[in-house]
Amino acid sequence: MDIDIWRQRLEELPLGELYLFQEVGSTNSEAEALVQKGAPPFSLVLADSQTAGRGRQGRGWITEPGSALALSWVLYPEPGRIQPELLGRLAGLGAVAVWEVLQEIYQLSASIKWPNDVLVEGKKVAGILPEVHWDGCQLIAIILGIGLNVHREALPPDVELLFPAATLEECLGKRISRLELLFQIMESLLKWYKRLAEPSLINTWNSALAYRNQAVVLSTPQGEMAQGEVLGINEDGSLSLRDQTGLVQSYHSGEIQIRLVDRS
Ligand code: BT5
């Protein structure tokens, strides 16, 4: 990554400070430290590689040098703007922004696996990690982390994966510019952040939802939690499932994973 060239291009966008690194542990951790030091709103933390990239629930995220996007976006919602029920939409904000770019600009057949994965042709190309920082009951900052596999070399070894992964290069059959892709994703994030409270975010998330009307299992690291048919995403970002008895229940993001029921 030529940091000067990337900075010059990204300065065209209404972002805060740009913190561009060749290598960090985790961009989300770096962003957290920068928030403590007063990073301005809409700042972007970007790294060419991560040595300790994080997923949810203590899982890792692999970012091979020079082949992926690993970013964290710093948001300071105005007091009162983010009601608690909107916090459940943050993973959707990141996923919808990435999904729309892949679908509309690159004409890829993308979908969103609730709560935080972007799939292309059923394989994971991106993961979203929203982290909300509090001081007591006061919301201090939101850090929206996004990892996206771009070039072929970004693909982690199979042993590292809980779910099949892919890269955009494999799906498109050609290499694309990481910088232009990043630019398009940041434009899309800026657009969707304005719509965080609007029905259009949930409607778009629903239209992109993977496994809709299909039977799935929800599990936690402790084991299976529920089975049911995927009905859709609720206003608060939770997932609505109908179980075998016809009962409709909602599940909130966090501990939940989703996989197709094996009907064999
Ligand atoms: C996620 O977690 O999918 C959220 C990943 C967020 C990563 C970004 S990168 C920038 C920012 N800084 C960070 O430190 N993190 C964020 P989860 O749903 O828990 O998925 C994690 C699982 O995905 C791992 O346990 C692996 O099985 C798999 N995985 C790891 N690296 C991957 C990759 N590059 N591509 C696809 N799958 C991967």
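Helices (H or I, at least four residues) and strands (E, at least two) are DSSP runs here, numbered from the N terminus. With that in hand, hello everyone, and let me start with a loop: Tyr-211 sits between α7 and β8 (215-220). Its phi is near 70 degrees, a positive value in a residue other than glycine. As a reminder, most residues other than glycine have a negative phi, and most peptide bonds are trans.

Before I go on, some housekeeping. This is a predicted model, in which local features need pLDDT of at least 70 and side-chain atom pairs count only at pLDDT 80 or more, while totals for chains, interfaces and linings use all residues. Residues are numbered from 1 along each chain as its sequence is written, and side-chain values use heavy atoms, with hydrogens and water left out.

There is a peptide bond to look at too: Trp-114 and Pro-115 are joined in cis, with omega at about 5 degrees. Pro-115 belongs to the loop between β4 (110-113) and β5 (117-120).

Now the overall layout. The chain splits into domain 1 (3-207) and domain 2 (215-260), with bounds from an automatic or database domain assignment. Taken over C-alpha atoms, their centres are 24 Å apart.

How do the two meet? By contact, meaning heavy atoms within 4.5 Å, 13 residues of domain 1 touch 17 residues of domain 2. The pair buries about 1,300 Å², 55% of it on carbon and sulfur atoms; that is accessible area (1.4 Å probe) lost by the two parts on being put together, summed over both.

Which residues form the salt bridge? Arg-89 pairs with Glu-235, and the closest N and O atoms are 3.2 Å apart. The rule asks for a side-chain nitrogen of Lys or Arg within 4 Å of a carboxyl oxygen of Asp or Glu, and across this interface it finds one. On the domain 1 side, helix α7 (residues 199-208) gives the most, with three residues. That side divides into five nonpolar, three polar and five charged residues, where Ala, Val, Leu, Ile, Met, Phe, Trp, Tyr, Cys and Pro count as nonpolar, Asp, Glu, Lys and Arg as charged, and the others, Gly among them, as polar.

On to the ligand. It is surrounded by 30 residues, the closest being Ser-26, Arg-54, Arg-56, Arg-59 and Lys-124; the criterion is a heavy atom within 4 Å. A ligand nitrogen atom lies 3.0 Å from a backbone N or O atom of Ile-62. For Asn-149, an N or O atom in the side chain is 2.8 Å from a nitrogen atom of the ligand. Leu-162 places a polar backbone atom 2.9 Å from a ligand oxygen atom.

Finally, Ile-3 is in helix α1 (residues 3-10). Ile-3 and Gly-246 are 54 Å apart, C-alpha to C-alpha.

How values were computed: A polar contact is a pair of N or O atoms within 3.5 Å; within protein, one must be able to donate a hydrogen and the other to accept it, and residues adjacent in sequence count only if both atoms are side-chain atoms.
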